[in-house]
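Work through these exercises with the model open. Each task is followed by a stepwise solution.

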2 protein chains.
Amino acid sequence: MATDVLVAEPGATLATIASAAGVSRTTLHSHYPTRQALLRAVAERAMRVCAEAISGAAEGGGDVLARVVAALVPVGAHLAFLWRNPSFDHDPELGARWLEIEGELRDVLEVAREEGSLSADLPDWWSVHALFALVYVASENIFLGRLAPLDAPGLVLATLTSRRDAIPARIGRPR
Amino acid sequence: MATDVLVAEPGATLATIASAAGVSRTTLHSHYPTRQALLRAVAERAMRVCAEAISGAAEGGGDVLARVVAALVPVGAHLAFLWRNPSFDHDPELGARWLEIEGELRDVLEVAREEGSLSADLPDWWSVHALFALVYVASENIFLGRLAPLDAPGLVLATLTSRRDAIPARIGRPR
DNA sequence: AGCATTCTGAACATGAGTGTTCAGGATCGA
DNA sequence: TCGATCCTGAACACTCATGTTCAGAATGCT
């Protein structure tokens, strides 16, 4: 998928992207007339993936916070793409779309607060940003091989909520 | 300063950077033969700034954690530059230098743990990454005008340590 | 087999950023 | 005032990604 290449190398050539996608550059151009169009399409897809992860976790009862974190960690690469791509910084449309996603996550966190799994002291917008940032860092460390995928959600949860029970036994420090 | 331009627009032209720095492109080339050389120089400077913030905060007794967070927030732009610039991802030298900086922060956090201001449950490397990520997010929100600079350290501290007293009264939610 | 659609490789034009050179101007200390 | 040093603007060649075009091959449907 084009996302993978663009995450690894944001400045990748269209030729590189095309060959990674298994098509010719000409075909790529026929689908996405310009580079900008391709980037936007990938960005929109990345946002959709994130949004689906969030809304998927929102359904069902129980520990919503744990579910949303666990759902977001695997899509960390998409987060990285959106996050690190400078060309989206000043794009109003994508910015608005992202605000929507932040809103969805904010709703989820609101439920988590009612459940008591998230401290009610911090402003909600901050919790949203902190969550995204921690998930991103976790997925980056997974990518670098420093963190086991199954341990990541626990670390993020523990940091975000100071719930000791969330810390994976494998990596927790001796108490 | 070149950093400011490069943070705002990582792909900025040498002409843009030069004019922002108040010199001609020719002069810029005389100082830094290639674009790569310039980027490296800015990166090294950014790392030095971060390192100095950390080591500066390490001196003196009392709440080390609060001091290091407060010292790092203002250099968030440098963090952003290092963080978001793809060309550093595979640079062994810069990577090694950054590991040193992480080590310095890890030492500071070790002291903070002994002081009792930081939970001893999480792995130290994770605390380092989480701290950087939260500081980055805070400084980004400062840049966007959503967060008052003086409130930022409190938010980061509160998230990292669940110390309720660190939450700025201005932005804390009603309890 | 016939037809339509899609993909492909190659070629080409274009534009933009980069790096180089150089002659002349500005600055500053002796 | 002289000389050294640094800065400047302009011009130039070069590289490279991009976008376009097109004739032909491949695929798939009827």
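**Exercise 1.** Which residues in α4(A) meet which residues in α6(A)?

*Solution.* The model is a predicted one.
- Step 1. Take the α4(A) side: Leu39(A), Val42(A), Ala43(A), Arg45(A), Ala46(A), Met47(A), Val49(A) and Cys50(A).
- Step 2. Take the α6(A) side: these residues meet His78(A), Leu79(A), Phe81(A) and Leu82(A).
- Step 3. Sort by class. The contact of α4(A) with α6(A) has 10 nonpolar, 1 polar and 1 charged residues.

**Exercise 2.** Describe the geometry of the packing of α4(A) with α6(A).

*Solution.* Two packed helices are described by the angle between their axes and the distance between the axes.
- Step 1. Locate the helices. α4 of chain A spans residues 35–58, and α6 of chain A spans residues 76–84.
- Step 2. Read the distance and angle. The axes come within 9 Å and cross at roughly 135 degrees.
- Step 3. Name the arrangement. Angles over 145 degrees count as roughly antiparallel, and 65 to 115 as roughly perpendicular. α4(A) and α6(A) are therefore oblique to each other.
- Step 4. Assign the hand. α4(A) passes α6(A) in a left-handed crossing.

**Exercise 3.** Outline the fold of chain A.

*Solution.* 
- Step 1. Count the elements. Chain A has 9 helices and 0 strands.
- Step 2. Judge the extent. The C-alpha atoms of chain A fill a box of roughly 55 × 35 × 25 Å along the principal axes.
- Step 3. Check burial. Chain A has 175 residues, of which 48% count as buried.
- Step 4. Look at contact range. Take the contacts in chain A with a separation of 6 or more: 57% of them join residues 24 or more positions apart.

**Exercise 4.** What rotation and shift superpose chain B on chain A?

*Solution.* Two copies of a chain are related by a rotation about an axis and a shift along it.
- Step 1. A rotation of 180 degrees, with 0.0 Å of shift along its axis, superposes chain B on chain A at an RMSD of 0.0 Å.
- Step 2. Find the C-alpha nearest the axis in chain B. It belongs to Arg84(B), 2.6 Å from the axis.
- Step 3. Compare the surfaces. The same surface serves both copies, as 100% of the contact residues of chain B recur in chain A.

**Exercise 5.** How many residues of α6(B) are buried, and which are they?

*Solution.* 
- Step 1. Count. α6(B) is mostly covered, with 7 of its 9 residues buried.
- Step 2. List them. The buried residues are Gly76(B), His78(B), Leu79(B), Ala80(B), Phe81(B), Leu82(B) and Arg84(B).
- Step 3. Find the partners in chain B. The buried residues of α6(B) pack against α1 (2–8), α4, α5 (64–72), α7 (92–115) and α8 (124–143) of that chain.
- Step 4. Cross to the other copy. The buried residues of α6(B) also pack against α6 of chain A.
- Step 5. Check the α4 packing in chain B. Helices α4 and α6 of chain B pack at about 135 degrees, with their axes 9 Å apart. α4(B) passes α6(B) in a left-handed crossing.

How values were computed
Residues numbered from 1 in each chain as written. Chains lettered and ligands numbered in written order. Predicted model: local features only at pLDDT ≥ 70, side-chain atom pairs only at ≥ 80, totals over all residues. Heavy atoms only, no water. Axes fitted to C-alpha atoms, helices over the stretch in contact; angles between N-to-C directions. Helix = DSSP H or I, 4+ residues; strand = E, 2+ residues; numbered from the N terminus. Parallel < 35°, antiparallel > 145°, perpendicular 65-115°, else oblique. Left-handed = near helix turned anticlockwise from the far one by under 90°. Contact = heavy atoms within 4.5 Å. Nonpolar A, V, L, I, M, F, W, Y, C, P; charged D, E, K, R; others polar. Least-squares fit on C-alpha atoms with pLDDT ≥ 70 in both. Buried < 20%, exposed > 50% of the residue type's maximum accessible area, 1.4 Å probe, protein only.
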